[in-house]
Amino acid sequence: MSTVNSDEQATTFPAYAGRRWVLPAAVVEDLYPRSERPGGRPRRTARDWIVDFTCFLLAVGIGLLSADALDQEPSLSDAMQAADQVIGALACAAVWLRRRWPVGLAVAMVPVSLFSVTAGGAALASLFTLAVHRPVRYVAWVGGAGFLAQPLFYWMHPEPGVPYLASIAIGSLLTFAVVGWGLLARAKRRLLLSLRDRARHAEAEARLRSEQAQRLAREAIAREMHDVLAHRLTLLSVHAGALEFRPDASREEVARAAGVIRESAHEALQDLREIIGVLRAGESDDAGRPQPTLAALDALVAESRAAGMKVTLAGRVTDPDAVPASVGRTAYRIAQEALTNARKHAPGTEVAVCVTGAPGDGLAVSVRNAPPEGEVPHVPGSGQGLIGLTERAMLTGGTLDHGPTRDGGFEVRARLPWA
């Protein structure tokens with residue numbers, strides 16, 4: 001059984017945190033592993049000392065009562081009576097070893113109690129200990145051997161004034177009571193440990209759910225950051241590259257490019273500030289400015305055209321206002337990422353954006369760009385945005401496909417549910 005920190009166990013069982021002495025040592029060993037001694041055996045609690053001393057007194061008391069009955073057996077000589085009492089005394093002393101060797105002591109007590117009347121109490125104590133500390137199969141074997149030995153015992157040592165069958169019945173009933181009591185104590189211990197395990201598993205599952213929720217939230221924020229900032233930073237890169245490779249541009253063109261760069265940088269900083277605010281405050285993704293929906297697609301296309309892209313927008317949506325917010329936001333992010341990819345991997349080409357759909361039929365989003373002219377340098381991190389878009393589409397219950405077209409271009413196709 002795995003061990004855990006004792007502070008965690010005290011949290012699991014606060015009622016026993018300051019009263020460990022009321023629990024058995026075996027239970028304390030499982031609940032509070034620090035109580036285990038270096039030798040391997042758990043330290044006895046105050047309860048264990050009380051139980052051990054009580055078992056010893058009961059074994060001695062039963063032995064003394066049986067010793068008085070030895071005088072009523074004329075067939076026993078004085079030497080045999082003395083030997084019986086010595087064996088009984090040794091058996092009572094062995095009761096203190098019942099926790100260390102429960103199986104060995106119980107097995108040894110079967111033949112000892114058969115020939116020694118005064119060892120009967122020690123035999124019952126060993127059988128009780130076996131039922132508490134070992135599985136039922138051990139109790140069945142040892143207890144069965146004791147039952148088989150009882151007819152022989154009462155034949156060798158008949159009870160004065162008690163019929164033979166009645167003596168066997170009384171002995172069997174006493175043995176059943178001791179075994180049942182031990183099994184009940186074992187069941188209570190196992191119940192306590194099972195409750196401990198269930199509480200520990202519940203705490204582990206709660207921590208796992210919390211970590212999973214945090215991971216999902218971070219992934220959502222990371223996707224949102226990529227979708228937003230990648231678009232803004234691509235605009236910055238395009239216009240900065242235009243200023244770098246066109247030193248002969250007119251003042252109007254430089255001023256227009258600088259304005260786009262300034263506006264894109266301002267929007268990027270604003271988006272980054274909002275995302276950081278969500279991370280700090282632990283708010284939902286809907287905090288801050290309103291999230292873009294399908295209605296913002298026209299502004300996105302206009303912004304791309306202002307950046308110098310050739311973009312056409314074809315929309316045949318029967319009722320744009322009826323599109324669910326999550327579906328519209330996903331469609332917007334798909335179009336945004338696809339335009340960003342077309343600007344990076346196929347600069348100067350024409351891009352066609354098409355959005356169609358109706359309630360019950362779903363929403364279809366398609367972004368297709370023509371093949372690029374000439375060689376386009378490889379962009380690091382290519383493909384990560386498409387992976388995020390696929391996950392985003394799957395979260396809304398839709399699908400997303402992407403790949404090259406027959407003419408050498410590239411197309412991103414998404415199908416989103418619209419109930």
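**Pocket and core**

Mentor: In this predicted model, helix α7 gives the lining of the largest pocket its largest share, eight residues.

Trainee: What makes a residue part of the lining of the largest pocket, and how many residues line it?

Mentor: A lining residue has an atom within 4 Å of a pocket point. The largest pocket has 36 such residues, and Gly-120, Leu-124, Phe-153, Tyr-154 and Leu-174 are the ones nearest its centre. At least two lining residues come from each of α3 (46–70), α5 (102–115), α6 (120–133), α7 (136–156) and α8 (164–245).

Trainee: How much space lies in the largest pocket, and why is it called a pocket and not a cavity?

Mentor: The space is about 850 Å³. A cavity is a set of points from which the probe cannot get out, whereas a pocket is open, so "pocket" is the word here.

Trainee: What makes a set of residues a nonpolar core, and which residues have the most contacts inside the largest one?

Mentor: Its members are buried and joined through side-chain atoms within 4.5 Å. The largest core holds 30 residues, and Leu-294, Val-355 and Leu-363 have the most contacts inside it. Its largest share, eight residues, is from α11.

Trainee: What does Val-355 touch beyond its sequence neighbours?

Mentor: With neighbours within four places left aside, its contacts include Leu-294, Leu-297, Ala-314 and Leu-363. A second, separate core has twelve residues, among them Cys-55 and Ala-123.

Conventions:
Residues numbered from 1 in each chain as written. Predicted model: local features only at pLDDT ≥ 70, side-chain atom pairs only at ≥ 80, totals over all residues. Heavy atoms only, no water. Buried < 20%, exposed > 50% of the residue type's maximum accessible area, 1.4 Å probe, protein only. Helix = DSSP H or I, 4+ residues; strand = E, 2+ residues; numbered from the N terminus. Contact = heavy atoms within 4.5 Å. 1 Å grid on protein atoms, 1.4 Å probe; cavity = no way out; pocket = protein on both sides within 12 Å on 5 of 7 lines; lining within 4 Å. Points joined across faces, edges and corners; volume = space filled by probe spheres on them.
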